[in-house]
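Here are my notes on the sheet, point by point. Have the model open while you read.

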Amino acid sequence: MATTEFGRTVRRWRDRVSPDAAGLPAGGHRRAPGLRREELALLAGISVDYVTRLEQGRAANPSEQVVEALGRALRVTAAEREHLFHAAGLVPPGQGTVPAFITPSVQRMLDRLTGTPVAVSDATWTLLLANPQYTALMGDYQGSERNAVWRNFLGSGSRVVHTPESQRDLEITQVSDLRATAGRYPADQRLRRLVAELRAGSERFAELWDSGEVGGHQASRKTIDHPQVGPLTLDCDVLSVAGSDLRIMIYTAEPGSRDAERLALIAVLGTQSLVG
């Protein structure tokens with residue numbers, strides 16, 4: 001019954017979120033005013049088939065991560081988020097776990113940054129939300145690759161071009177950041193599993209973790225090698241949200257520059273792929 005109620009809730013709340021409000025193109029005639037299943041799946045970072053099975057009650061026991069991702073995509077309030085967890089048969093994450101809830105006020109701020117690549121991560125650097133411009137610029141991360149630390153030490157890396165020095169600085173900063181997060185949230189089991197996997201799979205991570213070296217994120221310029229338009233250099237700023245431990249990453253280009261032109265082209269290419 002819980003899964004059936006969960007599916008009905010997701011279906012009902014999907015209808016109330018317009019594509020425009022979610023930063024997506026309207027895309028022609030619609031039978032319903034809200035999001036299509038494929039759009040909800042895109043925003044939540046899960047497969048369309050899984051969304052379908054959840055809504056139809058054919059998939060049982062959605063994970064905490066899936067429920068959290070669907071809640072963000074559906075732009076739920078704190079009370080609605082709690083209901084969504086209960087409908088899935090889960091206990092909402094409480095104190096002592098890394099916060100992953102994006103408040104409506106932060107969501108409204110992100111909505112106003114249209115045309116700008118923006119992503120929101122939690123304190124472990126797991127990607128929670130990326131607007132279409134960010135996905136078009138950096139790629140569509142799935143699974144473990146959504147965690148930037150895992151991606152850097154165990155995965156495929158990113159489109160950012162690094163020198164040996166900048167790569168070393170990134171590694172120190174990421175490990176230092178994750179170590180500090182583990183100290184703030186010692187009861188978070190998912191964070192413990194992430195650290196254990198990184199320590200077991202990467203000698204470099206284990207070495208930096210044990211060394212106690214400290215680094216910090218600073219505003220920087222990054223060169224991104226995009227597969228369709230080539231390299232472009234952008235300013236990258238990381239903002240912290242007071243009281244929630246979220247990190248907002250924003251990429252911008254100097255107005256009128258060649259990089260700005262390439263960034264605009266990437267946004268168009270990304271929009272075309274969404275419509276197609």
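1. Start with strand S4 (residues 220–226) and S5: they run antiparallel and are joined by 7 bridges. Strands here are DSSP E runs of at least two residues, helices H or I runs of at least four, both numbered from the N terminus. Within this pair, His-226 sits opposite Gly-230 in S5.

2. Before going on, a word on provenance: this is a predicted model, where local features need pLDDT of at least 70, side-chain atom pairs count only at pLDDT 80 or more, and totals for chains, interfaces and linings use all residues. Residues are numbered from 1 along each chain as its sequence is written, and side-chain values use heavy atoms, with hydrogens and water left out.

3. S5 (residues 230–241) also runs antiparallel to S6, with 7 bridges between them. Asp-237 has Ile-250 as its bridge partner in S6. The hairpin of S5 and S6 has 4 residues between the strands, and Gly-243 takes a positive phi near 85° there.

4. Ile-250 turns up again as the partner of Val-118. That belongs to the antiparallel S1 (residues 118–121) and S6 pairing, which has 4 bridges. S6 (residues 246–252) has 6 of its 7 residues buried (under 20% relative accessible area, 1.4 Å probe, protein chains only).

5. Put together, the strands give an open, antiparallel sheet of 6, ordered S2-S1-S6-S5-S4-S3. S2 (127–130) and S3 (160–161) are the edges, each pairing on one side only; pairing takes at least two DSSP bridges between two strands.

Methods: Buried means under 20% relative accessible area, exposed over 50%, partly exposed in between (1.4 Å probe, protein chains only).
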